[in-house]
Amino acid sequence: MKMRKVKRYKYQKLQMRLAAVFLIPWVIGLILFNLYPIFSTIYYSFTEYNLMKAPDFIGFDNYIEIFHDPIFYQSVYNSFYFVIVGVTLQIGLSVFSAVLLNMKIPGRGFFRTVFYLPSLVPPVASSLIWMWLLNPQYGLVNSFLKLIHLPQPLWLSSSEWSKPAVILMTLWCVGNTIIVYLAGIGNISGEYYEAVELDGGSSWAKFRFITWPMLSDITFFQVINGIIVGFNTFTQSYMVAASSPKSNGTLGGIKNSLMFYAVNIYNESFKYLKFGYSSALAVIMLIGMIVITFVLFKISNSGGNDR
Amino acid sequence: MKMLKKAISIAMAACLMFSITGCGSKENSENTETGTESDAAATPGGTSASAENGKKTVINFWHTWSGSEADALQAVIDDYNNSQSDVQVEVLASQTEDKMLTAIPSGDGPDIVYTADTTCSKWADAGMLAPIDDYIAGKGIDVSNIYESVYKLGNYDGVQYGMPYTMDSYMLFYNKAVLEELKAESPKTLEEMADISKKAVLKDDSGDYTRLGYVPDYPWIDRVEMPYLFGAEFYDFGTNQVTCTSQEFKDAISYKALYYTDYGIDAVTKFKSGFGTYASSDNPFFQGKVVFAIEGEWFENFIDQYAPDGFEWGAVEVPVTENKPELAGSGRLQGGMLSISATSKNAEKAFEVVNYLTSDEAYIKFCAAKGSLPTTYSALKSEELVSQAPQLKGFIDSVLAEKAKAFPAVPFSSEYSDGQGLAEEAIYSGDKTVDEALQDLYDELQPLADKWVNGN
Amino acid sequence: MSKRKIKFYLRYIPLLILGAFYFIPFLWLISTSLKGSDQIFSHPPKWIPNPVLFGNYKESFEAIPYLKYLLNTIKTTSLAVLGNVISAPMIGYAFGKLKWPGRDKVFLIVMATMMLPFTVTMIPLYSLFSKIGWINTYVPLFLPDFLGKAYFIFLMRQFYLSLPEELLEAARIDGASELWIYLKVAVPLVKPAIVTVALFSFVWSWTDFMGPLIYLTKSEKWTISLGLSQFTNSYGVDWALLMAASAIAIIPMVILFFFLQKYFMEGSINSGIKG
C-alpha cells in the first residue's frame, strides 16, 4: 500500500514535468498575445500615440473625448443592433435548419452539404457575392422582390437597410452552428419525445418542451460566441466601403450606418492615426465584453436551476 | 528505445520547421534592405538589373497608380536605373494610402511615397515624412519654377515635406449627341447645367432612371469642386476658422442637393448602383447613362481606350454659378506629392530620385505617357509636352490661368472629407437642413483646427 | 395513402426554400463570373450566360497576381496548420490528461483568452511587431498558431477528457515514460480530433482577413482574401471579374470539404459542447 503511494507520487512528478514542458508555448503565447497587449492597450489609452512619436501621457483625455464623440455612440448602437438582431436570427435559423436536417428523409445528406457549404466561403468573398446579390438595380434579390411585387430596398446604399443586409450576409454562413445543433438534437433520447407523443403533444410541443430546453447549453455557448464575433464585425463594412467610388467611401458606409465598433477602432487607428484614442476604445470594448459575459453566465446559472 | 528515437526525430523535425520558418522571415527582411535577387524578382514590373549588383542602394518607391499609369512611371524609373550604377529604384504599384501609412512606422516601408496633396500635411503632422528643405537647397532647385499653389500644399508649419509631381485640373465633359438631341448648347453656368439635366432624364417602363444629366458625387471630386465653383473656402488660415458655414458653402451644398432631392434620392442611388467600372467601356459616361461628367486631364486617354466607336463628346471649362461669373476657372486643383518617408535610411539618395523625376526631360516623358500635368513651369510651358500629348493643351491653359484652388493643407483633411460626406448624406435624406448639417460639421471640425493651432 | 404521400413531400418544402437561400448565391456567382458586362447589367437577370466567357477567369488571373496570392496563402495556411497540429495536442494534453496542481483553474484562463477579441489586442501587437520588424512577414500570422490557439486547446482537451484513464495508467505501470505515453498512446487515440484541428485552422487561416490586412503592407506578400479585397479598390467594381476571382478563392475550400466532409462535421459537433 505504501509502495503504491510513492509510485503515484512519482507519476505525478513526471506528469508535472511534462506538463511544464508542454505549457511553455502556451505561456509564451499568453504573455505575448494576451497579457502584453492588454496592458499596453490600457497604457496607450492614456496617451496620445501615432506609432512614430513616443506615446505622450494625457491622462483621461481620450476617454473624455470618446464620451463626447457622436460616432462612438453611433458605433455602439450599430454594434448592439447587429448583435441583438443578428445573433437572435442566427440562432433561430440554425435551430430551424438543424431540426429540418434531422428529419429522416431521403436526400438529407445532400441538404446537409448545401447548408454547410457557405460557411467555408471567405468573408471577403461572401461580402462581395452578397453585395452583388443585393445590388439595388441589377441584383438578384431585388429582381425577385419585384417579381412578387414587394418593395425593393436599396440595401447597402440605404441607412435603414444596410445593417439588415449585413445581417443577411452573416445568416448565410451559419453552417457551423447548424451542425452543432444537429449533433445536439441527435443526442436527445427518443424516450422524451415518446412521452410527449403519449400526452398527444404536437410537433411544436415536442420542440418547445423537449428539443429547445435540451439544447440550452449549446445555445449559451453559441450566444457568447455570436456576441464576440458580432462586436468584431469588420470585413463586411470594409468591403462595402472598398467598392464605393474612390475616396467617397468612408468605412462607416452610408450615414455611418455600418460604423460598427471594431470598424471605428480600425478607422481611428489606421486612418486617423489616433492609436491612443483607439486604444481607449479598445479598453471600453474589453470592459464591455467582460460585463456582458459575466451577466450572461449569471443569467444562465440562475436559469439552470429551473431544469 | 526505438520508439524514443522516433519521438526525438519527430521533435527535431518540429524544431527544424521552426528554424526554417524563422530563417525565412529573417531572410525576407534582409532582402528588402539590400535588394537581392528574390526581392527584385518579386517586384511587379521591376527590372532584373539589381540582380547583377547587390551593392546598389535600393530605394523603394510606392505609389497609388495601376495599369497604364503605372507603366508610364515605370518607364522613367527604368531610365533612371539604367542611367547610373549607384541607386536601384524598386517600385511598388497600386498601393493604398492606408497601406503606406502602416508600412512607414515599421521601417520596412517605402523611401519615396506618392500621395494626394491632402494627405501630405496630415502625414507631416504625424511625423511620417522627412523634411526636404535642405535637399531642395542642396540641389539648388529653383523653387520659383514650381507651380506655387501646389508647392505650398507640400508645406506644413513652414517646413517643406512634399515635392509636387502631378496636378489634376478638371473640365466638364459632355455627351455631344445627347445635347444635340436636346437641342442644347454646352452649359455656361451651373444653373444651365441643372436645366439641361432636367431635360435629359430618361426612364424605363418601371420608372427607373436610365439616363440622367449630371450625377453628383460621380466620379468623386464634387465634395471639393462644388464649393469652389460657388466661391466658398474650406479653411481660413488668417483666422484659423473652418469656413464650412459660409453662405457660399451653403449655396454649393444646396445646389448639389437638388440633384438628389429633385429626382428622388432613392431613385438616384439606385441608378448609381448600376454603374459599371470607371476605367472600362462600362463607364456610365461612355454608356450614355450620364450626360455630364467633371473629369481630369487623364480622361481623354480613357475615351480613346474605352469609349465606343463614334462616341461624340465635348469638353468645356467647368461652369460656375451664374451669380458669380468672375469665378470662372476657379475649380479644384488637385496635387500629387512625392515625399520622403521619415523612416527612410537613404533619404538623400531618395531625393536624388525625386530630383530626377522632376527634371524636364524625365518629367515630360512621364506626363506625356500618363496624360498628366507637370508642376514645373518649364515643363508645363514646353512645346515638347504639347506636341507629344496635344490633349493636355486645354488643361495646361487652364492651370496657367492660376485660378483653380487646392484643398487647404490642414492635418484634419480626412476628418473634413468624411465629415462633409456625412453632412451631405444627412441633407440629401432630409434628416437635417443645410444650415444644421454644416453647423454640426463646423462644431466637429473647429476643435481639431483649434487643437492644431494651439498645439504648436 | 395519397394523403400520406403529400405529407411526405410537404416536409421538403421548407428544406427546399432554405436550400435555395444557401445554394442560389453559388449559382449566381458562377453565372455572373461567366458573363459579359451587357448581360450583367440587364433586366430581368439572365441565368445562362450567352456567350459563356471563360476568359473572365483568365483575365482575373492576369489582372492581379492571383497565382502569387494563392501560393502566399498556401504558405501562411500550411504554417498555421502545422503550428496548431503541433501545439494544440500538446497543450490540450497538459490540460486534459496530465495532473498538476491548479490545472483546472488555469484552464479558465485559456477560456478567458478565447473571449478576448483581436480588436482589443491589435494596436499594441501592431506596434510591437512593427518595432521588431515583423511587418510584411508571415510571422505575426502563424506564430500564434505555434503558441497554441485557445479554441483548439479547448477542443483537444475535450477529446482527451473522453479517453479512459486506464489506457494511460496501464502504460505507466508498464514503466513507459510520460512522453512515450503521450506520443504512442494518447496522440493516436485523438487522431480524428487532430484532423479536425488541422481542418479548422486551415479554414480560419485561409479566410483570415484582418490579420493580413494589417500586417502585410507589400502586395507581393498578400494572401488571397487581401488580394480579393483590393480588387475593388480602384475605380468601381467589375462584377464579372470579381465573381470569377471569388470563385477561385472558394474552390480550394470546397474541394477540401468534399474529401474530408466527415471531419468537418465532427469538428463542428465537438466544438459545441460546453467546457
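## Exercises on a predicted model

Residues are numbered from 1 along each chain as its sequence is written, while chains are lettered from A and ligands numbered from 1 in the order in which they are written.

**Exercise 1.** Work out how the axes of H19(B) and H20(B) are arranged, and which residues make the contact.

*Solution.* Start with the axes, which are lines fitted to C-alpha atoms over the stretch in contact, with angles from 0 to 180 degrees between N-to-C directions. Those of H19 (residues 413-428) and H20 (residues 434-454) of chain B come within 9 Å and cross at roughly 160°. H19(B) is therefore roughly antiparallel to H20(B) (the label for angles over 145 degrees). Helices here are DSSP runs of H or I with at least four residues, and strands are E runs of at least two, numbered from the N terminus.

Next, list the residues in contact (C-beta atoms, placed from the backbone, within 7 Å). H19(B) contributes residues including Tyr416(B), Gly419(B) and Ala423(B), and among those from H20(B) are Leu441(B), Glu444(B) and Leu448(B).

Finally, sort them by class: ten are nonpolar, two polar and three charged. Nonpolar covers Ala, Val, Leu, Ile, Met, Phe, Trp, Tyr, Cys and Pro; charged covers Asp, Glu, Lys and Arg; the others, Gly among them, are polar.

**Exercise 2.** Describe how domain 1 and domain 2 of chain B meet.

*Solution.* First take the bounds, from an automatic or database domain assignment: domain 1 is 44-168 + 334-400, and domain 2 is 183-332 + 409-454. Their centres, taken over C-alpha atoms, are separated by 29 Å. The contact then draws 19 residues from domain 1 of chain B and 14 from domain 2 of chain B. On the domain 1 side, H5(B) gives the most, with five residues. That side has six nonpolar, nine polar and four charged residues.

**Exercise 3.** Find what chain A brings to its contact with chain C.

*Solution.* Count first: 77 residues of chain A touch 72 of chain C. Then look for the largest share on the chain A side: helix H1 (residues 2-44) of chain A supplies 22 residues. By class, the chain A side has 58 nonpolar, 17 polar and two charged residues.

Key:
This is a predicted model: local features need pLDDT of at least 70, side-chain atom pairs count only at pLDDT 80 or more; totals for chains, interfaces and linings use all residues. Two residues are in contact if their C-beta atoms, placed from the backbone, lie within 7 Å. Angles under 35 degrees count as roughly parallel, over 145 as roughly antiparallel, 65 to 115 as roughly perpendicular and the rest as oblique.
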